[in-house]
Amino acid sequence: MIKRIVTGFLIMILCLLGGVPVFGQPATYYIYDDTGILRESEMAKLDVLAVGILEKYGIAPVFILSESCNDKETADYAQACYEEAKWSEDTVLLVINEGKDEYFFYTTGRAEDFFKQKDLDRLWMVYDQEEHDYDGVEAYLNATEAILGERNAPFAAIGSAAVKNPSIPAERQKERLVDEAGLLTADEGSDLLEKLNEMSERQHCDVAIVTVPSLSGKTSTAFADDFYDYNGYGAGPARDGILFLISMEDRDWAISTHGYGISAFTDAGQAYIMDQVRPHLSQGDFAASFHTFADLSDEFLTQARSGKPYGEGNLPKGSVSHFWIFGDLGIGALLSFLTLKGIKSSLKSVSLRSNADPYVHGGRVNLTHSQDTYLSSHVSRTAKPKESQSSSGGSSTHTSSSGSTHGGSSGKF
Amino acid sequence: MEKLLEYKCPNCNASIAFDSNTQKMKCPYCGTTVDVKEWHLQDPFHDPKDSLERATEQSPSWDTGATSSWEEEEARDMKVYSCQSCGGEIVGESTTAATSCPFCGNFVILTHQLKGDLRPEWVIPFRLDKKAAMNAWRSHIQGKMLLPRIFKDQKHIDEIKGIYVPFWLFSGVGEGDIRYRGETLRMWSDTDYDYVETKVYKISRSGSVDFQRIPVDGATKMPDDLMESIEPFDWKDAVDFQMEYLSGYFAHRYDVPMEECMDRADERAIQSVANALSETVKGYDRVTVENSNIQLARGSVAYALYPVWLLNTTWNKKQYTFAMNGQTGKFVGDLPLDKGAYWRWFVLLTFIFGAVIYGFMWLLILL
């Protein structure tokens with residue numbers, strides 16, 4: 001009897017755990033293994049291979065080897081993983097359920113067109129043939145590339161910026177914090193850089209801050225876009241990222257977003273961030289403004305990953321500022337005074353009467369003359385404040401000099 | 001020696017007094033009751049010439065019927081009388097008309113204060129007795145927050161007296177002409193503008209208001225605001241004045257001449273006329289008075305005694321006076337404020353309100 005209860009209890013816990021997503025391995029992006037068969041170094045090498053394919057063809061090949069798929073159906077697990085990570089609009093994903101000895105292919109976007117059933121069978125075959133898992137995954141990836149090559153898969157569609165532009169370097173050329181205008185002290189700078197690096201790695205999205213003394217004649221938007229592109233900012237194949245630029249010459253600021261950054265930082269979201277940051281900028285407190293920017297960017301990226309990026313009608317809930325503690329006490333004092341005034345007045349019952357109404361015979365006046373004459377009328381009007389033009393709620397984009405699509409906004413401080 | 005009047009029970013010869021519960025003369029010892037009117041007929045002191053009739057006439061000045069005259073001895077402030085029952089000395093003021101002997105407690109009436117020109121025309125006899133007054137006092141202090149606890153617990157009354165207070169009653173007609181400016185507002189909006197249309201009107205009203213017996217207290221010692229606060233008295237209980245009603249109570253005759261009281265009556269009457277006319281102006285969003293002209297046509301004035309229960313208590317070196325309308329039972333009197341309690345509640349409520357609003361703000365933010 002007790003055994004049954006214990007077993008039942010354990011099963012319940014396991015079912016609950018079934019809801020827990022699997023991701024906790026930040027090291028590689030496209031290759032996952034929770035069985036421990038593949039070594040870290042092996043996974044890293046395979047990851048590079050996968051990235052290469054994505055950059056070349058715009059399709060992300062992903063491989064997941066799972067012990068039990070969290071006790072879900074392999075197909076459901078594959079879908080859940082994709083929704084969680086969203087490697088690319090076009091992804092081919094192979095999930096292997098070690099425990100159940102099952103496998104499942106999940107394709108999205110253009111990958112659906114390129115990988116027909118016979119192609120998927122072929123992919124499985126090459127994996128299965130190999131003795132060691134590492135060789136199997138390598139073969140799987142090579143086969144993916146081969147198939148795509150055969151299909152002459154054209155390069156990136158809208159959104160994912162796998163555009164091959166020779167002047168855009170693949171590796172990032174500069175640090176995530178570039179303080180050419182010298183607005184921060186050495187300590188502030190290193191603190192900030194540490195924060196930016198940590199968050200960018202964690203979020204798989206570059207968050208960069210650049211300060212310059214002058215824009216050299218360019219517009220702040222163009223400067224920011226170009227700085228981003230020609231210095232190789234951006235994480236992942238889509239070069240996801242956001243760059244915040246400050247130019248001291250004319251006190252301009254600009255934000256440039258790319259890849260995933262465009263969807264994560266909507267126009268309304270950027271406006272919100274700047275509302276929080278601008279007061280610090282105006283006061284010249286740059287360290288505070290940059291930290292605020294970084295923290296908010298982190299928050300925004302996390303929120304975006306959940307599927308609902310901050311935007312029009314969906315902004316971060318602020319908090320009640322501490323000033324209101326005093327303000328509310330003041331209001332409380334006022335209310336308290338009024339309440340007690342009422343109670344105090346109940347103690348008083350003696351006063352002179354203002355009129356002789358109780359002694360009016362008949363209780364009302366005998367009206368002998370009553371006349372209402374219309375004299376004039378006039379109309380006054382006040383203009384209603386016009387609502388500012390708002391976009392449909394998402395992110396507006398433009399094309400930069402390098403030809404890539406950027407989102408962003410700019411202004412003065 | 002002025003004539004002191006004491007009423008004796010026809011049955012047992014004890015001091016008989018007016019009983020408010022039965023509205024008759026009642027002997028507290030043998031319980032015999034005699035109707036006041038009956039008593040008056042068999043009273044050897046009854047003087048038929050004392051019953052005077054007053055007619056109401058419209059005239060430019062208040063009609064008093066006669067001028068009041070002062071006897072020489074009455075010019076002095078204090079008078080000494082001798083109690084007929086015990087021989088004790090009763091010290092009365094120049095206005096005392098009825099009082100009690102401090103030694104034997106017998107009630108005496110100083111008839112000279114109520115004769116001739118000083119004789120009241122009407123009296124509203126007491127309807128409520130001392131017990132009722134004490135009960136009313138207890139309910140008055142009950143349930144009052146911020147009343148000092150000790151005051152409540154003490155329940156100590158220094159003095160409680162049933163007094164007939166002299167009043168001048170003014171009747172007349174007030175006429176008013178008032179001009180107003182009225183505005184009506186109409187508001188609407190379209191996509192670009194908010195509009196307000198204002199229409200201006202010239203309004204005039206004229207009318208008359210009949211006043212009957214506006215009371216103004218004619219005793220200097222009686223605080224006017226206290227007396228006005230226990231208004232109104234109901235005229236339906238008023239009877240022709242007879243001295244018998246006073247036995248068992250205290251009484252004063254007036255010492256403020258009618259002309260001085262007139263101003264107060266005028267003030268109240270004018271305000272009533274203005275209110276009455278303004279009430280007829282309806283349907284406007286905004287009304288302002290441009291011109292107001294109110295005249296009072298003097299009618300008649302009468303002199304009457306109204307019943308009032310007066311209570312005195314001392315607390316914290318201050319004297320507090322309370323009054324109850326001896327006919328309707330309306331009880332008034334300002335009570336002291338417990339400053340300590342006030343400030344304690346102030347601080348407590350400030351924090352409570354502040355916390356509630358703060359919590360509300362957070363709730364709004366989070367939703």
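Colleague: How much accessible surface does chain B have, and what share belongs to carbon and sulfur atoms?

Modeller: The model is a predicted one. In it, the accessible surface of chain B amounts to about 18,600 Å². The share belonging to carbon and sulfur atoms is 52%.

Colleague: Among contacts in chain B between residues at least 6 apart in sequence, what percentage join residues at least 24 apart?

Modeller: The contacts considered here are those in chain B whose residues lie at least 6 apart in sequence.

Colleague: Is Glu67(A) buried or partly exposed?

Modeller: Glu67(A) is in the loop between strand S2 (60–66) and helix H3 (74–85) of chain A. On the surface, a patch of negative charge gathers Glu67(A) with Asp34(A), Glu98(A), Asp101(A), Glu102(A) and Asp128(A). Because its relative accessibility is 41%, Glu67(A) counts as partly exposed.

Colleague: Is Met1(A) buried or exposed?

Modeller: Met1(A) belongs to the segment before helix H1 (2–17) of chain A. Together with Ile2(A), Ile5(A), Val6(A), Phe9(A), Leu10(A), Met12(A) and Ile13(A), Met1(A) makes a nonpolar surface patch of about 880 Å². The cut-off for an exposed residue is over 50% relative accessible area. Since Met1(A) has 75% relative accessibility, this residue counts as exposed.

How values were computed. Residues numbered from 1 in each chain as written. Chains lettered and ligands numbered in written order. Predicted model: local features only at pLDDT ≥ 70, side-chain atom pairs only at ≥ 80, totals over all residues. Heavy atoms only, no water. Contact = heavy atoms within 4.5 Å. Areas by Shrake-Rupley, 256 points an atom, 1.4 Å probe, with all protein chains shown as cover. Patch = residues over 30% accessible without salt bridge, like charges linked within 9 Å, V, L, I, M, F, W, Y side chains within 5 Å. Salt bridge = Lys/Arg side-chain N within 4 Å of Asp/Glu carboxyl O. Lys, Arg positive; Asp, Glu negative; His and termini not counted. Charge placed at Lys NZ, Arg CZ, Asp CG, Glu CD. Helix = DSSP H or I, 4+ residues; strand = E, 2+ residues; numbered from the N terminus. Buried < 20%, exposed > 50% of the residue type's maximum accessible area, 1.4 Å probe, protein only.
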